[in-house]
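Subject: Structure for your files

Hello,

Here is the structure you asked for. My notes on it follow below.

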There are 2 protein chains.
Amino acid sequence: MNAPSDLPRTLPPPMLDRLRQRFGERCSTAAAVREQHGRGESVYDARPPEAVVFCESTDEVAAVVREAAAHAVPVIPFGVGSSLEGHLLAVQGGVSIDLSRMNRIVRVNAEDLTVTVEAGVTREQLNREIKDTGLFFPIDPGANASLGGMAATRASGTNAVRYGTMKDNVLGLTVVTADGEVIRTGTRARKSSAGYDLTRLFVGSEGTLGVMTEVTLKLYPLPEAVSAAVCFFPTIDAAVRTTIEIIQLGVPIARCELLDANAIRAVNRHSQLGLREAPMLLMEFHGSEAGVAEQAETVQSLAKEHGGADFEWARTPEARTRLWKARHESYFAALQMRPGCRCQSSDTCVPISRLAEAIDESVADAEASRIPYWIVGHVGDGNFHLSYLMDPSDAAECAQVEALNVQMVQRALRLEGTCTGEHGIGLHKMPYLLDEAGPGAVAMMRNIKRALDPHNIMNPGKIFAL
Amino acid sequence: MNAPSDLPRTLPPPMLDRLRQRFGERCSTAAAVREQHGRGESVYDARPPEAVVFCESTDEVAAVVREAAAHAVPVIPFGVGSSLEGHLLAVQGGVSIDLSRMNRIVRVNAEDLTVTVEAGVTREQLNREIKDTGLFFPIDPGANASLGGMAATRASGTNAVRYGTMKDNVLGLTVVTADGEVIRTGTRARKSSAGYDLTRLFVGSEGTLGVMTEVTLKLYPLPEAVSAAVCFFPTIDAAVRTTIEIIQLGVPIARCELLDANAIRAVNRHSQLGLREAPMLLMEFHGSEAGVAEQAETVQSLAKEHGGADFEWARTPEARTRLWKARHESYFAALQMRPGCRCQSSDTCVPISRLAEAIDESVADAEASRIPYWIVGHVGDGNFHLSYLMDPSDAAECAQVEALNVQMVQRALRLEGTCTGEHGIGLHKMPYLLDEAGPGAVAMMRNIKRALDPHNIMNPGKIFAL
């Protein structure tokens, strides 16, 4: 699928020369490198940047941005490339700033439950490196994304129902602004009323306001007890209605994930799990031994009322890891179900009481379409992904999938939800942001963008047209 | 104390005429009304607005703002007047928009744990009106503030250690922008990645970017069990070190409040409580019966290690209400300890591991000053208030208190904390915001302000000088 077209702004040769002078081989114009940096996991064909600079420090990022600002050339921050909505495409040309070598843990303050990392650190790396502190960082969007990228899209994922999203877990940022200055937002205090919340403005800004180079995060004590269970249901609706009651009762469940039979079929084949191919909730409980037992008992009895089966427990860390790994690989597992296909994944989120309606109607549409699909959902948040496996060479099918996606988004908005729970707007959701927020609010976003990035060099062409 | 002086912009008589025509007696220029709207609970002498308009709907607010925009006249939103840092003073003249008659609960969605209220609804009114739903709104800054005002200062208070601050609990807003348009931010979904987080930009913006007229909030199921206890300690330091360990262990305590002996003396006298006049933690635990017992047991054993006494329990709702009422009235109770005095209350917040240092050094300074003071603190968040009772006619004493306040703020910044945990910047903390955030970040805030309020009419002269 082609991305919306914008006028590219060309990188002037003297600027490229200066970047090469400073960065040597870390400034690349090789086709393969550019191609890899001009895509993500979206449905769009790549739109490569003109150059890729591998930065190793905030100062280096600032130097690239100052060059870009001087020539009004776009810059696009790049973490690991797991974006789903076209954030990384160089639709107006320019330079990709690859942050993956900024992968140092700057400072762990275990006694304050905080950590500062460079933006290129991935969530798995972070949790590996802090394992000895007895703390962990819970936000887990599935992909092993960079923490800068997760902040940029306001990511969340499986643990958000208990621990919140990136919005709730970023304490402060180091940001390179559009004129190449370096600012700090936030402090290490857990709360503050000191002026505008610049941290929250950058979280979710998708690289359009500045480049985040360091992120200070909240950490959490590893729970005394963790247990994971799966529970099978006769219908998706039964699983969703159980979830609604879990949330309404205030059970502090740590993870509450829905997988439909199609998703399970895919992960069974990919990860040899041998799970029943029926709608399933994959749940995790965190707390004291007694607390976890109590939560599980409450949830089991709610599930029973909706025809849910007995919980099947993953009692060892290894068994849990196996289940979650399978869940996280469901995207790639599903892709393998239809060789050569591309996947388009919706990302709506609705108030919890409307979730059954949102999912049931979407499933009916999907079944009627006869296009292969599967569902996974962070259903405790009212967030689910219905993903179609489409043949990219079949224009009619692609158009049909896009129409189904629009229908799902419009349904979510009608149910007072949002067009994206966690993937961001990128290129793909721009028209729906307007539907959701209204022209006045989007005009305000544009005003902010113009004020902070007057030459429109920070990841231009994303979130809204200027 | 005089507020910093700004050039007042005068309300043109034709504008006043039109406001009177539309609002009749709801547009007041009576001295007493203006005086009441030109102050708060700050140390400053009143700076009355030129007129006060009592609005009853978003449309009415928009009409006033459109008039003000046409004449570049300041508007200052007013809830109940409980601001502590001079937010309400009409330092540049203009119109106060009183929102206290916008006090309708617009819509309760108990099934989604959300509620939408007009900005003038107070937190006590909200909890009274939703009592039958089995839900509650936890954020409790002490004062019975309006929810619009609480959003404007990013308020928090006693329950924040478990439930977060206004930042975490506002889902969406209706806002009248500086040109008198009405926008909506957010949806009723629990999370979203749709564009810039305008909700979080307005939360904490202290009326400088627009007037919030409706607020959509998260609600929580009333816990199955609630129990409150007090625990006395030999020293403030011992109470604080116990708190640090509670947080580091991840105990989900709902409230963890410090009162020093001076504060207890004041509340004893004001509320006839008969509490021991020694450093005390006032704690509340929420959860299941077993969960609450388990939390309390953990905390009791931590307290013991620091010389804490046995918990004294407030087992009935009445006993709990009595304790919390006393805590909430501590401000007024303390004022009565020195007739004719005015109170200056600091509001710093530091990373939890630095709290003992922050408090111990501040206490040493306070003791050396010989000026009456008292301490209360939302210590679970690393946030405390050291308040001086000063004689407003004694210029030397006022200057000394201000110097002590500066010292406390600088200490908090040195300890990687913030100059305000929950009271906001207002007029009083403007220089410290610059110290905390740095000139680059404050310049960015100014840019945003100019972009959203080009005529500088929204509560001008607050947070930063333009």
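Two strands count as paired if DSSP finds at least two bridges between them. Helices (H or I, at least four residues) and strands (E, at least two) are DSSP runs, numbered from the N terminus. This is a predicted model, in which local features need pLDDT of at least 70 and side-chain atom pairs count only at pLDDT 80 or more, while totals for chains, interfaces and linings use all residues. Residues are numbered from 1 along each chain as its sequence is written, and chains are lettered from A and ligands numbered from 1 in the order in which they are written.

The sheet in chain B

Four strands of chain B make an open, mixed sheet in the order β1-β2-β4-β3. β1 (27-28) and β3 (75-78) of chain B are at the edges with a single partner strand each, so one side of each has no neighbour in the sheet. β1(B) runs antiparallel to β2 (residues 51-54) of chain B, and two bridges join them. Within this pair, S28(B) is opposite V52(B) of β2(B).

Two helices go with the sheet. Angles run from 0 to 180 degrees between N-to-C directions, with axes as lines fitted to C-alpha atoms, for helices over the stretch in contact. Residues are in contact if their C-beta atoms, placed from the backbone, lie within 7 Å. Helix α1 (residues 13-23) of chain B lies across β1 and β2 of chain B, at about 30° to β2(B). Helix α3 (residues 58-71) of chain B packs on the sheet and touches β2, β3 and β4 (95-98) of chain B, its direction making about 170° with that of β4(B).

The contact between the chains

Chain A and chain B each put 74 residues into the contact. On the side of chain A that touches chain B, α16(A) gives the most, with 13 residues. That side of chain A holds 27 nonpolar, 29 polar and 18 charged residues. Here Ala, Val, Leu, Ile, Met, Phe, Trp, Tyr, Cys and Pro are nonpolar, Asp, Glu, Lys and Arg charged, and the others, Gly among them, polar.

A rotation of 180° with 0.0 Å of shift along its axis puts chain A on chain B (RMSD 0.0 Å). The two copies are therefore related as by a two-fold rotation axis. Both copies use the same surface, as 100% of the contact residues of chain A recur in chain B. The superposition is by least squares on the C-alpha atoms of residues with pLDDT of at least 70 in both copies.

Regards
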